[in-house]
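User: I would like to go through the terms used for this fold, setting each value against its definition.

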Amino acid sequence: MKAIVLLSNGFEETEAVAPIDILKRAGVEVDICSITGSDVLTGAHDIVFSADMVLENILNADGVKEIADGYDAVILPGGLPNAHNLRDDKRVNDIVGMFYKSGKVTAAICASPCTFEKLGMLKNKKATSYPGCINPDSCGEYTQAPAVRDGNVITGRSAGAAMEFGFEILKGLGMGEEAETVRNQMIFG
């Protein structure tokens, strides 16, 4: 299994690191991809990250299709201005749309479900987000649950839900057993 995490500056660090950590513990290969043109990213709380790749460098003539074909999941952490940068980037919209249409896992947390809202992906879906970041009427059912999986769409509420979000991504990838193993190894509660 392979996942790609799309980021720009101003991302919520916990919402990126916690799911990446959980996925890697379960054996998922995760690539962090910067959409900024630089492989150095600064989070919303001034933590500096190094991306594995830069989007411009991996796009080619078939770029979006090739990216979607090469991964099982796309993940959008929240944080501002990151969530709005992702939502407003045509390349990101094309990538997310391709994953969604292909039935692959599309996951966004906190403010980043605004990309899914823009693309009309929440119309008949149960979803969550950080309060006020999406219009509840854009969803089939809006909930305040920490993390929600409805088909191939996974949404998370906030930084405090980042671990549950990561576990839902594993389940969406068909790795429910691995999710429980990792949860038990991490000793919650």
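User: Why are H1 and H7 called oblique to each other?

Analyst: Helices H1 and H7 are oblique because angles under 35 degrees count as roughly parallel, over 145 as roughly antiparallel, 65 to 115 as roughly perpendicular and the rest as oblique. The axes of H1 (residues 13-25) and H7 (residues 162-172) cross at roughly 40 degrees and come within 8 Å, where axes are lines fitted to C-alpha atoms, for helices over the stretch in contact, and angles run from 0 to 180 degrees between N-to-C directions. Helices here are DSSP runs of H or I with at least four residues, and strands are runs of E with at least two, numbered from the N terminus.

This is a predicted model, in which local features need pLDDT of at least 70 and side-chain atom pairs count only at pLDDT 80 or more, while totals for chains, interfaces and linings use all residues. Residues are numbered from 1 along each chain as its sequence is written, and side-chain values use heavy atoms, with hydrogens and water left out.

User: Which residues of H1 make the contact with H7?

Analyst: On H1 they are Thr14, Glu15, Ala18, Pro19, Ile22 and Leu23, and among their counterparts on H7 are Phe165, Phe167 and Leu170, contact meaning heavy atoms within 4.5 Å.

User: What makes strands S5 and S10 edge strands?

Analyst: The open sheet has the order S5-S2-S1-S6-S7-S11-S10, with mixed pairing, and two strands pair if DSSP finds at least two bridges between them. S5 (53-54) and S10 (147-150) each have a single partner strand, so one side of each is left without a neighbour in the sheet.
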